[in-house]
Amino acid sequence: MTDTHETSLNEQEDINTQKTDNFSQKIMNLPRAGFWMRFWAYIIDILIVGSISRLFIKPIFRLLDIPIDSSGIFSPFTVIDSIVFFGYFFIMTLLFAQTLGKMVMGVHVISLTRDKLDWKTLLFREWIGRYISAFFFLGYIVVAFNPRKQGFHDMFSDTAVLLDKER
């Protein structure tokens, strides 16, 4: 009985591997967004996040008489501003597979290993991967030279940014 059970498990693994290979082949042929498309999408997103900070966070801090210009990475304003920054990228990408900047530029994020982006992948991509890419800044520049047009945060999280089909 164990031989038939092992055989059926091996067959199931073969089917899963074949599905993954087919999925990977389809993704490899899709048009990827290059450095400049992603750069301008990011600039638009930074303007949006900065506007949210200026329109909502700063007035609330002033209303509550909490200092905005206190130094340090763990000042209340810096912590809240960082939460808004990462929250914007995480929530928008989780819900729509793109941020407002990506929508304007006609690009979106996909998973290279799954049919749909999950919250764990996005948490890693948008928080840890983006921090590493920003810290070394080369993590973003590498998109221009990588044949798969992936930044460090894409490579670490097995994601890619594709051009929308409509464009």
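**A first look around**

Tutor: Let's start with His-108, which sits in strand E1 (residues 107–111); helices (H or I, at least four residues) and strands (E, at least two) are DSSP runs, numbered from the N terminus. This is a predicted model, where local features need pLDDT of at least 70, side-chain atom pairs count only at pLDDT 80 or more, and totals for chains, interfaces and linings use all residues. Residues are numbered from 1 along each chain as its sequence is written, and side-chain values use heavy atoms, with hydrogens and water left out.

Student: What does the side chain of His-108 make a polar contact with?
Tutor: With the side chain of Asp-164, at 2.6 Å. A polar contact is a pair of N or O atoms within 3.5 Å; within protein, one must be able to donate a hydrogen and the other to accept it, and residues adjacent in sequence count only if both atoms are side-chain atoms.

Student: Which other residues does His-108 touch?
Tutor: Leaving aside residues up to four places away in sequence, its contacts include Ala-97, Gln-98, Val-161 and Leu-163. Contact means heavy atoms within 4.5 Å.

Student: Where is Ala-97 found?
Tutor: In the loop between H3 and H4. Most residues other than glycine have a negative phi. Asp-158 also has a positive phi, of about 55 degrees, although it is not a glycine, and its place is in the loop between helix H7 (152–157) and strand E2 (159–163).

Student: New topic: what is the volume of the largest pocket?
Tutor: About 390 Å³. On a 1 Å grid over the protein atoms alone, a pocket is an open set of points where a 1.4 Å probe fits, with protein on both sides within 12 Å along at least five of seven lines; lining residues have an atom within 4 Å of a point. Grid points are joined across faces, edges and corners, and a volume is the space filled by probe spheres set on the points.

Student: And which residues lie nearest its centre?
Tutor: Of the 15 lining residues, Thr-78, Ser-82, Phe-86, Trp-127 and Tyr-131 do. H3 gives the largest share of the lining, six residues. The lining has 12 nonpolar, two polar and one charged residues; Ala, Val, Leu, Ile, Met, Phe, Trp, Tyr, Cys and Pro count as nonpolar, Asp, Glu, Lys and Arg as charged, and the others, Gly among them, as polar.

Student: How much space lies in the second largest pocket?
Tutor: About 300 Å³. It is lined by 17 residues, with Phe-35, Arg-38, Phe-39, Tyr-42 and Tyr-140 closest to its centre. H2 gives the most to this lining, with seven residues.

Student: At what angle do H2 and H6 pack?
Tutor: About 145 degrees, with their axes 8 Å apart. Axes are lines fitted to C-alpha atoms, for helices over the stretch in contact, and angles run from 0 to 180 degrees between N-to-C directions.

Student: Where is confidence lowest in the chain?
Tutor: In helix H1 (residues 2–28), at a mean of 54, whereas helix H4 (residues 100–105) is highest at 97. The scale is pLDDT, the predictor's confidence in each residue, from 0 to 100. Where pLDDT is low, the predicted coordinates should not be read in detail.
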